[in-house]
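Here is a briefing on one chain. Please look over the sequence and the model before reading on.

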Amino acid sequence: MIGKVYVTLRILLCAICLLLILNVFLNYFGEKTDIPSAFSRSNLRKQPYKSNVTGFNSINEILPIPSFAGANAANASESLEQENKNITEVTLPACQEPVYEESSPFVPNITLESLDVVEEQLGPLLESGGAFKPKDCNARHHVAIVVPFRDRYAHLSIFLRNMHPFLMKQNITYRIFIIEQTNGQSFNRAALMNVGFLEAMKLYPWDCFIFHDVDLLPLDNRNLYTCPRQPRHMSVAVDEFNYRLPYRTIFGGVSAMTREHFVLVNGFSNSFFGWGAEDDDMSNRLRSANLFIARYPINIARYIMLKHPKEKANPKRYENLVNGMHKIGTDGLNSIKYEIYSYKSYPTFSWYYAELKITEQKS
């Protein structure tokens with residue numbers, strides 16, 4: 001009898017040891033396969049750190065945010081609060097805006113490189129998450145670069161390879177946020193920019209937001225990525241449009257807004273699935289708030305557009321645009337619903353994998 005009990009205990013002990021060894025094995029190789037620059041959905045772990053997120057009802061819910069309050073991201077792969085302590089200010093003179101000659105072209109390098117190579121080149125110059133601050137002065141401008149994204153991996157590599165060198169020279173503190181939409185619905189550029197705004201504000205009270213398409217690259221160093229007193233349309237002259245402004249009220253491509261202005265107009269509309277008209281809706285929102293669109297001269301605000309297939313247009317875009325003026329107070333930051341499936345702080349950018357919990361209206 002005693003022998004049987006002894007054999008049973010040995011079997012149980014061996015089973016426990018095997019389970020422990022299996023757990024260590026899975027953890028080790030799970031981490032080894034999570035290569036930062038692989039950027040593949042096959043490596044994603046579905047670990048939402050905030051679900052059923054809804055927008056904010058007033059500016060007071062967004063602006064009084066202490067620096068780097070990352071408590072809501074407790075389930076993310078690393079502590080955002082600890083990570084962002086690297087950007088705290090020290091006693092240094094205030095940065096001055098760079099002064100350029102009458103002509104100061106920026107020549108993008110559009111040679112395709114892997115994210116591994118880009119990270120190897122730029123990672124040592126940046127802080128985790130694609131953040132940068134001047135080393136010898138305190139930046140006057142704290143800028144969040146929000147990029148709505150889906151499937152444009154080649155463009156992302158080229159974008160990061162060029163934007164970081166371009167921005168580092170401007171004496172600003174900045175961070176690049178890539179907001180990727182999950183599959184299942186048509187692409188919603190505007191809603192992703194609302195998500196980017198809300199997620200970025202959890203890390204730091206940025207005073208300026210640049211909403212940036214991943215396929216646009218600036219061509220002049222005098223095009224400063226800061227926010228003036230009025231919202232600024234940045235991508236005035238794009239090669240795709242023969243370096244001409246397509247129409248006076250356009251606000252798409254690259255645009256800059258202070259956080260106060262963005263909250264004032266309730267962010268972007270969440271109704272625009274598919275291509276088109278969400279930027280025109282924002283233009284209407286600005287006008288309704290008695291704001292006007294500022295622009296750099298056409299010889300400064302010049303961009304090239306990386307080649308890509310034409311997007312499928314939203315057949316309801318004009319209907320949404322007409323109805324949008326009546327929904328400014330109810331369609332935007334205060335109505336966005338989403339879930340962050342995964343967050344990752346890469347060397348050259350902060351990445352959020354977001355599922356929109358809003359319904360696309362079919363025709």
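Predicted model: local features only at pLDDT ≥ 70, side-chain atom pairs only at ≥ 80, totals over all residues.

Residues are numbered from 1 along each chain as its sequence is written, and side-chain values use heavy atoms, with hydrogens and water left out. The structure holds 2 disulfides (a disulfide is a pair of cysteine sulfur atoms within 2.5 Å). Helices (H or I, at least four residues) and strands (E, at least two) are DSSP runs, numbered from the N terminus.

**Disulfides**

- A disulfide is a covalent bond between the sulfur atoms of two cysteines.
- Cys95 and Cys137 form a disulfide with sulfur atoms 1.9 Å apart. The torsion about this S-S bond of Cys95 and Cys137 is about 95°, so the disulfide is right-handed.
- This pair links distant parts of the chain, 42 residues apart. Cys95 sits in the loop between α2 (80-84) and α3 (115-122). Cys137 sits in the loop between β2 (131-132) and β3 (142-149).
- Cys95 and Cys137 are buried. Buried means under 20% relative accessible area, exposed over 50%, and partly exposed in between (1.4 Å probe, protein chains only).
- Cys208 and Cys227 form a disulfide with sulfur atoms 2.1 Å apart. The link of Cys208 and Cys227 is right-handed, with 75° about the S-S bond.
- Cys208 lies in strand β5 (residues 208-212) and Cys227 in the loop between β6 (216-218) and β7 (232-233), so the pair ties together parts that are 19 residues apart in sequence.
- Cys208 and Cys227 are both buried.
- With the bonded cysteines of the chain numbered in sequence order, the pairing is 1-2, 3-4.

- Strand β5 is mostly covered, with 5 of its 5 residues buried.
- Cys208, Ile210 and His212 point one way from β5. Phe209 and Phe211 point the other way.
- Two strands pair if DSSP finds at least two bridges between them.
- β3 and β5 run parallel, joined by 4 bridges. Ile145 stands opposite Ile210 in β5.
- β5 and strand β9 (residues 254-258) run antiparallel, joined by 5 bridges. Here Cys208, also a disulfide partner of Cys227, stands opposite Thr258 in β9.

**Strand β13 and its partners**

- In strand β13 (residues 350-356), 6 of the 7 residues are buried, so the strand is largely enclosed by the rest of the structure.
- Strand β4 (residues 173-181) and β13 run parallel, with 5 bridges between them. Ile178 stands opposite Trp351 in β13.
- Strand β12 (residues 337-345) and β13 run antiparallel, with 7 bridges between them. Ser345 has Ser350 in β13 as its bridge partner.
- β12 and β13 are joined by a hairpin through 4 residues.

**The open sheet**

- An open sheet of 3 strands has the order β6-β11-β8, with mixed pairing.
- β6 and β8 (237-238) stand at the edges, each with a single partner strand, so one side of each is left without a neighbour in the sheet.
- β8 pairs with strand β11 (residues 302-305) in the parallel sense over 2 bridges. Val238 stands opposite Tyr303 in β11.

**Asn221**

- Asn221 is found in the loop between β6 and β7. At 5% relative accessibility, Asn221 counts as buried.
- Leaving aside neighbours within four places in sequence, Asn221 is in contact (heavy atoms within 4.5 Å) with Tyr100, Ser104, Pro105, Phe106, Phe166, Lys169 and Gln170.
- The side chains of Asn221 and Lys169 are joined by a polar contact of 3.0 Å. A polar contact is a pair of N or O atoms within 3.5 Å; within protein, one must be able to donate a hydrogen and the other to accept it, and residues adjacent in sequence count only if both atoms are side-chain atoms.
- Asn221 and Arg302 are 81 residues apart along the chain, and their C-alpha atoms are separated by 10.0 Å.

**Ser283**

- Ser283 has its place in helix α7 (residues 278-288). Ser283 is buried, with a relative accessible area of 5%.
- Leaving aside neighbours within four places in sequence, Ser283 is in contact with Thr249, Phe251 and Ile293.
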